[in-house]
Amino acid sequence: MYLAQIIVMGVQVVGRAFARALRQEFAASRAAADARGRAGHRSAAASNLSGLSLQEAQQILNVSKLSPEEVQKNYEHLFKVNDKSVGGSFYLQSKVVRAKERLDEELKIQAQEDREKGQMPHT
């Protein structure tokens with residue numbers, strides 16, 4: 001009798017945890033889609049190509065504002081500490097590389113948009 005109750009309670013706990021994780025994943029997916037919708041067309045395309053949103057890339061490299069110097073500094077540090085030869089994780093190292101690629105692409109997009117704004121005639 002007690003064993004059946006324990007099993008039922010365990011299944012309920014696992015079921016609730018699974019449902020909560022599913023809701024969180026759905027909310028994160030919706031937030032990422034909304035962010036891509038608000039971002040510029042080029043930025044959304046870059047997110048789709050890299051598989052990372054701008055926000056995810058900034059979180060991975062611990063960068064609050066897009067500064068080429070800060071991106072490079074954090075990239076070099078995180079790449080080095082996640083090197084497999086020093087006991088790091090190849091998976092994490094690859095995430096760091098993808099995040100840097102995504103942020104570099106965003107920096108290019110911003111630079112191009114700045115150039116285009118500078119070329120527009122003032123009325």
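Is Arg98 buried, exposed or partly exposed? I looked it up: Arg98 is partly exposed, with a relative accessible area of 38%. My cut-offs here are under 20% relative accessible area for buried, over 50% for exposed, and partly exposed in between, with a 1.4 Å probe and protein chains only.

**Ground rules**

I am working with a predicted model, where local features need pLDDT of at least 70 and side-chain atom pairs count only at pLDDT 80 or more, while totals for chains, interfaces and linings use all residues. Residues are numbered from 1 along each chain as its sequence is written, and side-chain values use heavy atoms, leaving out hydrogens and water.

**Confidence**

I checked pLDDT, the predictor's confidence in each residue on a scale from 0 to 100. The chain averages 83, and 82% of the residues score at least 70. A reminder to myself: where pLDDT is low, the predicted coordinates should not be read in detail.

**Overall layout**

I find five helices and zero strands, in the order α-α-α-α-α along the sequence. These are DSSP runs numbered from the N terminus, with helices (H or I) of at least four residues and strands (E) of at least two. Of the 123 residues in the chain, 23% are buried. I then looked at contacts, meaning heavy atoms within 4.5 Å. Among contacts with a separation of 6 or more, 53% join residues 24 or more positions apart.

**The core**

Which residues have the most contacts inside the largest nonpolar core? They are Leu61 and Leu103, in a core of 13 residues. Helices H3 (54-61), H4 (68-81) and H5 (90-119) each supply at least two residues of this core, and H5 gives the most, with four. I count as a nonpolar core a set of buried Ala, Val, Leu, Ile, Met, Phe, Trp, Tyr and Cys residues joined through side-chain atoms within 4.5 Å. In soluble globular proteins, nonpolar side chains tend to be buried together.

Leu61 is in contact with Val71, Asn74, Tyr75, Leu78, Val96, Ala99, Lys100 and Leu103.

**Salt bridges**

How many salt bridges are there? I get three, taking a salt bridge as a side-chain nitrogen of Lys or Arg within 4 Å of a carboxyl oxygen of Asp or Glu. Side chains of opposite charge can pair when their charged atoms come close.

- Arg98 pairs with Glu101 at 3.1 Å, N to O. The two are three residues apart in helix H5, so about one helical turn separates them. Glu101 is partly exposed, at 43% relative accessible area.
- Lys100 pairs with Asp104, with the closest N and O atoms 2.7 Å apart. Both lie in helix H5, four residues apart, about one turn of the helix. Lys100 counts as buried at 13%, whereas Asp104 is partly exposed at 27%.
- Arg102 pairs with Glu106, with the closest N and O atoms 3.0 Å apart. These two also lie in helix H5, four residues apart, about one turn of the helix. Arg102 is buried at 1% relative accessibility, and Glu106 is buried at 6%.

I stopped at Gln93, which is found in helix H5. At 9% relative accessibility, Gln93 counts as buried. Not counting residues up to four places away in sequence, Gln93 touches Phe79, Asn82 and Asp83.

**A loop residue**

What is phi of Asn62? I read a value near 55°, which is positive in a residue other than glycine. Most residues other than glycine have a negative phi. Asn62 is found in the loop between H3 and H4, and is exposed, with a relative accessible area of 59%.

**The surface**

The accessible surface of the chain comes to about 9,400 Å², of which 59% belongs to carbon and sulfur atoms; the areas come from the Shrake-Rupley method with a 1.4 Å probe, and for residues only the protein chains shown count as cover.

Which residues make the nonpolar surface patch of about 310 Å²? My note reads Leu3, Ile7 and Val11. Patches are made of residues with over 30% relative accessible area and no salt bridge, with nonpolar side chains (Val, Leu, Ile, Met, Phe, Trp, Tyr) joined within 5 Å and like charges within 9 Å. Leu3 lies in helix H1 (residues 2-38) and counts as exposed at 61% relative accessibility.
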